[in-house]
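Please keep the sequence and the structure in view while working through the points.

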Amino acid sequence: MHAGRLLPSDGDPDPYAFDEDARTVEGADGITGAARLEPGGTYRSSIAEDGEVYYRLELDAASNAYVSATAVPAPGSEVSAADGIKVTVQEADGSTCSTKSAHIGATQSPHPIAAAASREIGRTKYVCQEPGTYYAVVERSGPLGSSPEDWDLEIGYVTEPRLGKADATAAPENWDSAPPEGLLGEAGRRAGGTGFSTAAPLGQGVWQTGIEAGQTLFYKVPVDWGQQVYADAELGGVDSGGRYVGTALSMALYNPVRGFVEDVGSGYGGSRRSAALPVLPPVAYDNRHAISARVSAMRFAGSYYLVVHLGAGVAEKFGDGPVQLTLRVRVRGDAGDGPAYLGSARPEGAFEVTAEDRAEASGAAGSGPAGGTGSGDGDGNGDGGTGGVGGKAAMKVVAATGIGSGCALVLTLVLWTALARRRASPARAGSGRRRGR
């Protein structure tokens, strides 16, 4: 029996929501006959147990290329912690440009996992610099027989243009590694998506929803150049009866090309438990030169994805009812100028944060429920979600979302009118003088 502190679930533990524009493509057993992927495209495919599939890339000598694979084990399938995938980008002769892996992990519960490999151009690079044919290779890994079913795949292919001038060869050394201040205010409700393409926008603030055992929720947080993202996830309490699940909750952060950044996990015994991401550096182009993988991953502005999974084993200990999930998201720092790219990313805008993105994440655009109020700290980023718009809080939202959108302009006019009426004295109300700011 649950203790009554639960929220309804915002979705079933259904299969992954693939990008509705994804083209279906079959992976080849080798380089012969490998289907070509187009920059900016998203594809749906599959991979068998102990399988290896190839896709073809045609690369120039200037752009960086990032290929991601999101593997989707079927709900209810048997998996082990070691089950996973490996993504490799390689030259036609088999030389490796880069390789990345992802695993189911300690929850031992089937859920989507993603990894992204790349071909990068640079002064410090010695392989994979020539234009020509390359291959993206996706492999299944793990003990044979632990997950015999085919896994669905979503393949993403993003290109990054070169810079107008030579970039640095080292990552920034000094950045604020102090944990941010806590967030205050009532939590807003925000349902999660069930895939990268349906990830729910999330801005600074406190947010709640319900999550069921076996369910994975996707959120996207706009993080601009020079900004830091910080997040923690908390499970609410239920009647425990002394039961405990060793690894119940996992939360992973992915960058705009679906490259893994960092993850955290927590056990669960029925009482409130939380897990927080470590402090990450501000987004900077030169982070790519860092030795640390999680620092190197913070190389783009754009949508960063929070992927939260509640292990299927929780149902055996605590029943089928959803558990309250609270997410606290902080975006620290002012947005800065991005690098001087020569050309556009594909898909276009992949490494940008727009006023519309910020408005959608904060709830100001009216696209979803408003969020919890974040505590202001003078950052000037204005990303805190608001449970209701009014006064200074509303003006901060308008400033953050930009006057370019119609919603923000209408809201600004309404606020100015209300402010003028409130400040007008009775003596001057009939004098015909116009007051405003």
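In what order do the five strands of the open sheet stand, and what is the pairing? The order is E1-E3-E10-E5-E8, and the pairing is mixed. Strands (E, at least two residues) and helices (H or I, at least four) are DSSP runs, numbered from the N terminus.

1. Basis of the note. This is a predicted model, in which local features need pLDDT of at least 70 and side-chain atom pairs count only at pLDDT 80 or more, while totals for chains, interfaces and linings use all residues. Residues are numbered from 1 along each chain as its sequence is written, and side-chain values use heavy atoms, with hydrogens and water left out.

2. The chain as a whole. The protein chain has six helices and 20 strands. Of its 437 residues, 50% are buried; buried means under 20% relative accessible area, exposed over 50%, and partly exposed in between (1.4 Å probe, protein chains only). The chain exposes about 19,500 Å², of which carbon and sulfur atoms supply 48%; accessible areas come from the Shrake-Rupley method with a 1.4 Å probe, and for residues only the protein chains shown count as cover. Among contacts (heavy atoms within 4.5 Å) with a separation of 6 or more, 73% are between residues 24 or more positions apart.

3. The mixed sheet. The five-strand sheet is open, with the order E1-E3-E10-E5-E8. Strand E1 (23-24) and E8 stand at its edges with a single partner strand each, so one side of each has no neighbour in the sheet. Within this sheet, strand E3 (residues 42-47) runs antiparallel to strand E10 (residues 151-160), and six bridges join them. Two strands count as paired if DSSP finds at least two bridges between them. Ser-45, for example, has Leu-153 in E10 as its bridge partner. Strands of a sheet pair through backbone hydrogen bonds, either parallel or antiparallel.

4. Strand E16 and its partners. Eight of the 10 residues of strand E16 (residues 245-254) are buried, which leaves the strand mostly covered. Seven bridges connect E16 to strand E17 (residues 260-268) in an antiparallel arrangement, and Tyr-254 is bridged to Phe-260 in E17. These two strands form a hairpin with five residues between them, and Arg-258 in the turn has a positive phi of about 65°. E16 also pairs with strand E19 (residues 302-310), in the antiparallel sense and over six bridges; here Leu-253 has Leu-306 as its bridge partner.

5. The disulfide. How many disulfides does a search of the whole structure find? The search finds one, a disulfide being a pair of cysteine sulfur atoms within 2.5 Å. It joins Cys-97 to Cys-128, with an S to S distance of 2.1 Å. The angle about the S-S bond is -95°, and the link is left-handed. Cys-97 lies in strand E7 (residues 96-103) and Cys-128 in the loop between strand E8 (113-119) and strand E9 (132-141), so the pair ties together parts that are 31 residues apart in sequence. Cys-128 is buried, at a relative accessible area of 2%.

6. Glu-91 is placed in strand E6 (residues 84-91). This residue is buried yet has no salt bridge, and the nearest side chain of opposite charge, Arg-119, is 7.2 Å away. A salt bridge is a side-chain nitrogen of Lys or Arg within 4 Å of a carboxyl oxygen of Asp or Glu; Lys and Arg count as positive and Asp and Glu as negative, with His and the chain ends not counted. Leaving aside residues up to four places away in sequence, Glu-91 touches Cys-97, Cys-128, Thr-133, Tyr-134 and Tyr-135. Gln-90 is also found in strand E6 and is buried at 13% relative accessibility.

7. Backbone geometry. Most residues other than glycine have a negative phi, and most peptide bonds are trans. Asp-50 has a positive phi of about 60° although it is not a glycine; Asp-50 lies in the loop between E3 and strand E4 (52-59) and is exposed at 58% relative accessibility. Cys-128 likewise has a positive phi of about 60° without being a glycine. The peptide bond from Arg-346 to Pro-347 is cis, with omega near 5°, and Pro-347 lies in the loop between strand E20 (323-332) and helix H3 (355-362).
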